[in-house]
There are 2 protein chains.
Amino acid sequence: MVQAVASPRNEEGIGAALGILKQQFGERFQTGASIREQHGHTTTWIVNQPPDGVVFAQSAQDVSDVVKVCAAHRVPIIPFGTGTSLEGHVNAPAGGISIDVSQMNAVVEVNAGDLDCRVQPGVTRMALNTHLRDQGLFFPIDPGADASIGGMAATRASGTNAVRYGTMKDNVLSLEVVMPDGEIIRTASRARKTSAGYDLTRLMVGSEGTLGIITEVTLRLQGIPEAISAASCSFPSVEAACETVMAVIQYGLPVARIELLDAMVVKACNSYSKLNLPETPLLLLEFHGSDAGVAEQAETFGALAEEFGGTGYAATTSAEERTKLWQARHDAYWAMLALRPGCKAVATDVCVPISKLAQAVGEANDKAQELDLIAPIVGHAGDGNFHASLLIDMEDAQEVARAENFVSWLNDRAIALGGTCTGEHGIGQGKRPYLLKELGNAVDVMGAIKRAIDPDDIMNPGKILTK
Amino acid sequence: MVQAVASPRNEEGIGAALGILKQQFGERFQTGASIREQHGHTTTWIVNQPPDGVVFAQSAQDVSDVVKVCAAHRVPIIPFGTGTSLEGHVNAPAGGISIDVSQMNAVVEVNAGDLDCRVQPGVTRMALNTHLRDQGLFFPIDPGADASIGGMAATRASGTNAVRYGTMKDNVLSLEVVMPDGEIIRTASRARKTSAGYDLTRLMVGSEGTLGIITEVTLRLQGIPEAISAASCSFPSVEAACETVMAVIQYGLPVARIELLDAMVVKACNSYSKLNLPETPLLLLEFHGSDAGVAEQAETFGALAEEFGGTGYAATTSAEERTKLWQARHDAYWAMLALRPGCKAVATDVCVPISKLAQAVGEANDKAQELDLIAPIVGHAGDGNFHASLLIDMEDAQEVARAENFVSWLNDRAIALGGTCTGEHGIGQGKRPYLLKELGNAVDVMGAIKRAIDPDDIMNPGKILTK
């Protein structure tokens with residue numbers, strides 16, 4: 001089991017903070033067991049380590065007030081959006097206070113003329129897109145879960161659209177952040193580009209709450225494309241599908257999404273979502289552009305796919321048919337879980353240079369078979385990012401050990417191929433040893449930054465860095 | 001005059017370092033006056049503050065060796081690429097050692113299948129593109145000058161293509177950096193996306209040599225587009241031209257370049273480059289894509305421009321005609337200088353939200369007139385970034401004072417409009433007060449990072465931060 005080792009608790013400080021926060025926030029401060037449990041880690045196999053209390057913040061000032069109390073008493077602070085992170089990010093290994101920002105859910109400003117907006121961190125991506133739709137705008141980052149924008153920024157999320165629109169690092173223009181001393185800073189102006197000093201925006205994006213708490217996010221937006229076309233294509237092998245993806249990227253085809261589902265996932269989706277897809281590896285695609293543009297892209301893809309044995313390829317611009325086509329991808333997580341009721345899903349998240357994708361996926365399949373593990377694979381293939389989701393019976397200690405073996409092997413293998421142990425989920429608790437393997441002495445520089453900004457280590461301690 | 005205040009010199013340390021470096025590097029360490037002068041600031045109106053000596057490094061190990069000597073004796077280190085920066089970045093206000101990386105000019109590796117490459121920092125962008133051409137690849141960032149890739153990363157450069165391809169922050173995948181203690185780190189893997197810890201790559205991009213010295217850059221590349229189309233369009237007013245740009249961006253037209261030249265610049269180019277352009281504001285454009293795609297983009301632009309009174313619009317895919325069309329833009333800097341022989345050009349570099357572009361450019365024109373200054377304007381209009389280049393007689397103290405007045409007004413105005421004092425040139429020496437105005441207490445966080453990583457302030461001191 002990827003164990004989140006508990007750190008020593010500052011009982012005296014925690015006790016003092018609990019008292020002050022109760023007084024300061026009344027009903028908006030909760031210490032009941034179920035609320036605390038719900039604010040610890042709730043997904044995958046990492047154990048739940050609940051905080052000692054939860055503040056439901058309503059403003060940056062609220063957050064600053066909580067931080068000041070916790071700073072005075074050296075009490076850990078853990079920011080919480082929707083709790084959909086996958087690496088134990090919201091766990092409280094040394095106890096402390098969870099700051100829940102879900103009530104900070106206002107879209108503060110939409111500047112349609114500048115294709116940008118300012119939102120509070122608790123706005124979810126679906127709520128934002130609902131808000132934007134009437135203005136012909138959308139926010140493209142789609143990690144699957146209906147995560148909060150603050151949480152997506154904090155973990156440098158990406159997902160299915162990243163191949164075309166980039167990740168959170170590319171789509172956050174500026175952040176308001178409460179620092180460990182309670183100061184509220186703004187990292188950048190609203191200009192589309194800047195050379196004004198150190199890139200604090202990008203430093204905060206992906207810092208997983210360990211340097212400060214995001215209280216407002218300024219985002220780049222996109223116009224809803226004139227035309228959207230979706231397609232699926234089946235392949236004789238996972239290697240053939242990956243080679244097609246590699247050809248698409250090398251050709252420069254501006255696909256908006258290009259997702260890989262291996263045969264096991266397709267089978268699971270057929271069963272779960274009542275579909276009739278051929279049970280072989282599948283690519284799902286989306287093209288964005290003008291009417292003529294998407295037609296041309298779809299045609300070019302068809303020609304490329306044919307070279308690698310792609311079959312059953314058809315593109316459609318009908319919204320209804322598109323939704324049906326993508327159903328499999330959207331249901332994939334639940335469909336996979338349904339493959340083995342009662343199991344826990346263990347997320348992996350390696351990302352390799354695109355030229356190594358076919359090799360990496362092939363080897364991951366072989367390794368899972370060798371270890372007798374059920375490990376369906378979906379991938380944001382256009383970025384070289386894929387997830388082998390291990391379905392594990394947590395009662396079977398031997399199987400758990402084999403799963404740990406697989407995770408360790410996969411992360412090492414990705415690093416050896418010039419890639420990373422995490423394309424989009426972040427380091428959290430579970431991947432700290434792999435961060436060291438991947439970046440070596442660069443992690444010392446991260447540590448120096450952490451100590452400079454948060455000398456008492458109160459901001460989401462036990463994540464990213466191993467002290 | 002934007003004076004670069006000299007800091008106290010550590011004479012003893014500098015003396016010791018000079019002796020050791022002479023022994024260690026022989027002929028590759030130079031202390032002659034002309035070489036030192038050439039490695040101080042040589043552009044715009046900031047005074048030249050030469051270093052005490054120049055090491056011509058040939059490897060990361062060389063750089064590390066110099067850094068270790070300088071660290072031991074607390075001597076400033078100033079990295080030098082091609083010296084084309086515009087804000088005094090290569091000046092040595094407290095003396096010290098310039099590390100010239102121009103001999104580190106190898107393209108280490110091109111991974112055509114991954115659309116990436118690794119280069120030493122002294123490779124210039126033109127040399128890189130010459131190297132890549134045969135493989136059908138190019139590196140899109142074009143700041144005008146044939147700058148070094150290391151320098152472009154250090155200042156977070158961008159330029160004409162940024163509206164489509166982003167800035168250096170978007171196109172650097174990973175860096176090798178020599179840190180202030182001589183340690184050599186690698187900031188990230190070669191994966192196209194990552195969530196592996198703090199984004200040290202983006203922290204180093206734009207840090208202007210104040211946190212470490214870049215010794216290798218891994219870059220994203222692009223396939224050379226199937227078709228490139230260029231176009232120009234004249235407008236009755238600078239506001240009409242800007243409004244067209246705003247419409248283009250809001251429409252989502254994926255222009256590769258959209259550059260603004262005001263009437264004064266067009267006039268200067270006609271005279272300097274023997275052209276016959278109508279002497280009114282001009283937009284120059286480039287479209288990248290498939291044959292059908294660029295034709296469609298060009299047509300859409302024409303329709304948008306017409307709404308704002310655009311005239312003389314024609315697009316061409318002929319390479320020869322494209323080159324001629326862009327001649328004006330490439331010669332603009334020299335053409336502007338020729339408007340007033342003997343003058344100094346003072347670069348400004350504000351960037352505003354695109355919806356404020358017409359207003360900002362209009363006000364800048366008015367302000368220059370009010371102050372009786374010659375201030376031709378070119379702009380990377382699609383990003384809201386424009387340069388009013390003041391042509392100043394440095395012998396005329398009153399004119400210099402009026403120019404200072406203008407620069408100060410323009411930076412303040414951009415900040416007030418939600419923009420930045422620097423879109424792409426960086427802070428260097430000259431813009432430090434404006435960084436404070438723009439980002440306030442966020443600059444304290446930058447200072448904390450600087451002190452943590454470079455506690456003795458030996459890395460390019462006197463840049464970005466005001467101690």
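In chain A of this predicted model, four strands form an open sheet whose order is β1-β2-β4-β3, with mixed pairing. Strand β3(A) runs parallel to strand β4 (residues 97-100) of chain A, and the two are joined by four bridges. Within this pair, A:F80 stands opposite A:D100 in β4(A).

Helix α1 (residues 11-25) of chain A lies across β1, β2 (53-56) and β4 of chain A, and runs at about 30 degrees to β2(A).

At the level of domains, chain A is divided into domain 1, covering residues 11-102, and domain 2, covering residues 227-416. The C-alpha centres of domain 1 and domain 2 of chain A lie 36 Å apart.

Strand β5 (residues 107-111) of chain A pairs with strand β6 (residues 116-119) of chain A in the antiparallel sense, over four bridges. In this pairing, A:E109 stands opposite A:R118 in β6(A). The two strands β5(A) and β6(A) form a hairpin with four residues between them. In the turn of the hairpin, A:L115 has a positive phi of about 50 degrees. Strand β6(A) also pairs with strand β10 (residues 213-220) of chain A, again through four bridges and in the antiparallel sense. Here A:D116 stands opposite A:R220 in β10(A).

In chain B, five strands form an open sheet with antiparallel pairing, in the order β5-β6-β10-β8-β9. The edges are taken by β5 (107-111) and β9 (184-186) of chain B, each with a single partner strand, so one side of each is left without a neighbour in the sheet. On average, neighbouring strands of this sheet are turned by 15 degrees against each other, direction ignored. B:V107 stands opposite B:V119 in β6(B).

Helix α9 of chain B packs against two other helices of chain B, α11 and α13. Helix α9 (residues 238-251) and helix α11 (residues 291-307) of chain B pack at an angle of about 135 degrees, with their axes 9 Å apart. The helices α9(B) and α11(B) are therefore oblique to each other. The crossing in which α9(B) passes α11(B) is right-handed. On the α9(B) side the contact is made by B:T244, B:A247, B:V248 and B:Y251, and on the α11(B) side by B:F301, B:L304 and B:A305. Of the residues in the contact of α9(B) with α11(B), six are nonpolar, one is polar and none is charged.

The axes of α9(B) and helix α13 (residues 357-370) of chain B come within 8 Å and cross at roughly 155 degrees. Because angles over 145 degrees count as roughly antiparallel, α9(B) is roughly antiparallel to α13(B). Helix α9(B) passes α13(B) in a right-handed crossing. From α9(B), the contact is made by B:V238, B:E239, B:C242, B:E243, B:V245 and B:M246. From α13(B), the contributing residues are B:L357, B:A358, B:V361, B:G362 and B:N365. By class, the contact of α9(B) with α13(B) has seven nonpolar, two polar and two charged residues.

The contact between the two chains takes 76 residues from chain B and 76 residues from chain A. On the side of chain B that touches chain A, at least two residues each are supplied by α7 (168-171), β9, α8 (200-204), β11 (222-223), α9, α11, α15 (432-439) and α16 (442-453) of chain B. The largest share of this side, nine residues, comes from α16(B). By class, the side of chain B that touches chain A has 31 nonpolar, 29 polar and 16 charged residues. Among the elements that supply residues to this side are β9 of chain B, which stands at an edge of the five-stranded sheet, and the helices α9 and α11 of chain B, which pack at an angle of about 135 degrees.

Terms used:
Residues numbered from 1 in each chain as written. Chains lettered and ligands numbered in written order. Predicted model: local features only at pLDDT ≥ 70, side-chain atom pairs only at ≥ 80, totals over all residues. Axes fitted to C-alpha atoms, helices over the stretch in contact; angles between N-to-C directions. Parallel < 35°, antiparallel > 145°, perpendicular 65-115°, else oblique. Left-handed = near helix turned anticlockwise from the far one by under 90°. Contact = placed C-beta atoms within 7 Å. Nonpolar A, V, L, I, M, F, W, Y, C, P; charged D, E, K, R; others polar. Pairing = 2+ DSSP bridges. Domains from an automatic or database assignment.
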